[in-house]
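Dear colleague,

I am passing on the structure below, and would be glad if you could look through it alongside my notes on charges and local geometry.

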Amino acid sequence: MLDVRSERLARRFRLWDTDGNGHVDRSDFENEGRRIIAAFGEDERSPRGRAVLDSYLAMWDYLAAKANIDPDGTLSAKQFDRVAQTEIILMGDTGFSAVLRPTLSATLDLCDADGDRQINPAEFRNWIEAIGVTKPHAEEAFDQIDADHDGQLSIDELSQAVRDYHAGILDIPLLGR
């Protein structure tokens, strides 16, 4: 299982390392937040846009601090894997809640364009494509997460799916490349 988790973390790292320099930094996290905000046509200065950006930057600050690097520093793939394994994967629900849940919550709030506390297929596809998943994989992931087949995903369903994916429990396409 550790190999699956490491591969998923490596994929996550490659998605953030958009310039391919082998390191991620604060701007890489900020850029993903901006891609997601743009995918929904949201102004990044709006409360929902600001929440997404702030949560991505807080995630970077947390990981940087745990890796003992300056917030303006960089993480190599090896450093990222080590800190993510330690602070997210091995900590289970506690790690997920501390590191990923704030970002996921802000992002899903943005995705829920109609405010019904449910994510429909179009809202899900906008988000998942913004983080690097292709349309066919987005549709496949939606179908697998929608266990009750009601055509909607609750925020709790999505949070659990993302947690289970990164823990290596659920095998759905939630990351590209």
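Is Arg34 buried, partly exposed or exposed? With a relative accessible area of 30%, Arg34 is partly exposed, where buried means under 20%, exposed over 50% and partly exposed in between, with a 1.4 Å probe and protein chains only. Please bear in mind that this is a predicted model, in which local features need pLDDT of at least 70 and side-chain atom pairs count only at pLDDT 80 or more, whereas totals for chains, interfaces and linings use all residues. Residues are numbered from 1 along each chain as its sequence is written, and side-chain values use heavy atoms, with hydrogens and water left out.

Salt bridges

A search of the whole structure gives 12 salt bridges, each being a side-chain nitrogen of Lys or Arg within 4 Å of a carboxyl oxygen of Asp or Glu. Arg34 meets Glu30 in one of them at 2.8 Å, N to O, and both residues lie in helix H2, 4 residues apart, about one turn of the helix (helices are DSSP runs of H or I with at least four residues, strands are runs of E with at least two, and both are numbered from the N terminus). Arg34 also forms a salt bridge with Glu44, at 2.9 Å from N to O, and this pair links distant parts of the chain, since Glu44 sits in the loop between H2 and H3, 10 residues from Arg34. Asp61 pairs with Arg26, their closest N and O atoms being 2.4 Å apart; because Asp61 lies in helix H3 and Arg26 in helix H2, this bridge ties together parts that are 35 residues apart in sequence. Both ends are partly exposed, Asp61 at 31% relative accessibility and Arg26 at 28%.

Asp109, which is found in helix H5, is partly exposed at 32% relative accessibility. Not counting residues up to four places away in sequence, Asp109 touches Arg48 and Arg117, a contact being heavy atoms within 4.5 Å. Arg117 itself lies in the loop between helix H5 (92-111) and strand E3 (118-119), and has a positive phi of about 65 degrees although it is not a glycine. Asn68, too, has a positive phi, near 60 degrees; this residue is placed in the loop between helix H3 (47-66) and strand E2 (74-76), and is exposed, with a relative accessible area of 71%.
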